[in-house]
Amino acid sequence: MTVTIYDVAREAGVSMATVSRVVNNNPNVKPQTRKKVFEAIERLGYRPNAVARGLASKKTTTVGVVIPDISNAIFAEVARGIEDIANMYHYNIILCNADKKKDKEIRVINTLLEKQVDGLLFMGGAVTDEHLQAFKTANVPIVLCATTDENGTIPSVDIDHEGAAFDAVQKLIKNGHTRIAMICGTLQDPSNGYARFQGYKRALETAGLPYDETLVRIGNYRYESGVDAMKYFLELETIPTAVFSATDEMAIGAIHCIQDAGLKVPDQISVISVDNSRMASMVRPQLTAVAQPMYDIGAVSMRLLTKLMKKEAVENPRVVLPHEIVNRQSVGSK
């Protein structure tokens, strides 16, 4: 049978209110009484009912986290930052994988809200009207993590994705490349897709280079789509001398495809990406990439959420963290 607070109180010879004070670390309990209660808890194997405590206090000290793909190293790094700060502020997290599918995201959001979480961190694709409707019914603080909404109405922590792509392509241009291809994410994705595509186009325009739609392929962020896109580029009448990839994983697929075709990176084709995951330093040649501070994005998002949950003052609800290019061996001069 489940051990209750009543059983502990009877075993320790104290009131249920005293047991409650001990469990909740109330200082107004004599050390001897506290010791007696803890001994009874240990003997009986009692575990406080978090749900019941939550109903009483209207707080569950739990945060829901919607993540696009837990198997992706980038999002795993964000989750680590979230968890470290959550632990620091004594919050538990419920992590839910949503695969960047709108219907699943909405379902997961509603499930987490039904579990009475105190706050919600959302990582996903486009924030649609359906997402906004779900957020409006939440009655708890929400922070967008590594994404933003189009109107900027929801607190968020991210980088400047267009600026990151612009800097990456500009580096290729400064190295003498004029025929630059892009492996893009879906344009319905406001950050990894559309914003980075816009950064690519702006860099070409700034340098006076023509935009050529045959040099852009849409991928799905995975290694295989990088391979497929690079195969397409290698079949063009004039192949590109450089490739900008929206993610590391697709960039590594491109590098391997280039090598499988008997060509060399960066001697014949340079490759650069945005992300700078651990995989970037594992591939050979090592991948030059624009670094997103993924751990920091997670940590700052969770800290912002704690302030909102505690109704503390927030100076800037839309945080844009800096990015930087990490130079390795995959980019050469033309």
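Trainee: Which exposed residues sit on the face of helix 7 turned away from its buried side?
Mentor: In this predicted model, that face carries Asp 129 and Lys 136.

Trainee: And which residues of helix 7 are buried?
Mentor: Helix 7 covers residues 129-136, and His 131, Leu 132, Ala 134 and Phe 135 are buried there. They span an arc of only 160° around the axis, which puts them on the same side of helix 7.

Trainee: What covers those buried residues of helix 7?
Mentor: The cover includes helix 6 (102-114), strand 3 (119-122) and strand 4 (142-145).

Trainee: Switching topic: how many residues are in the largest nonpolar core?
Mentor: That core has 71 residues, and Tyr 200, Phe 244 and Met 302 have the most contacts inside it. Apart from neighbours within four places in sequence, Met 302 is in contact with Val 63, Ile 82, Ile 85, Ala 86, Tyr 91, Leu 121 and Met 309. There is also a second, separate core of 18 residues, with Leu 120, Phe 122 and Ile 142 among them.

Trainee: How many bridges join strand 10 to strand 12?
Mentor: Three, and the two strands run antiparallel. Val 290 stands opposite Ile 325 in strand 12.

Key: Residues numbered from 1 in each chain as written. Predicted model: local features only at pLDDT ≥ 70, side-chain atom pairs only at ≥ 80, totals over all residues. Heavy atoms only, no water. Buried < 20%, exposed > 50% of the residue type's maximum accessible area, 1.4 Å probe, protein only. Helix = DSSP H or I, 4+ residues; strand = E, 2+ residues; numbered from the N terminus. Arc of directions from axis to C-beta. Contact = heavy atoms within 4.5 Å. Core = buried A, V, L, I, M, F, W, Y, C linked by side-chain atoms within 4.5 Å. Pairing = 2+ DSSP bridges.
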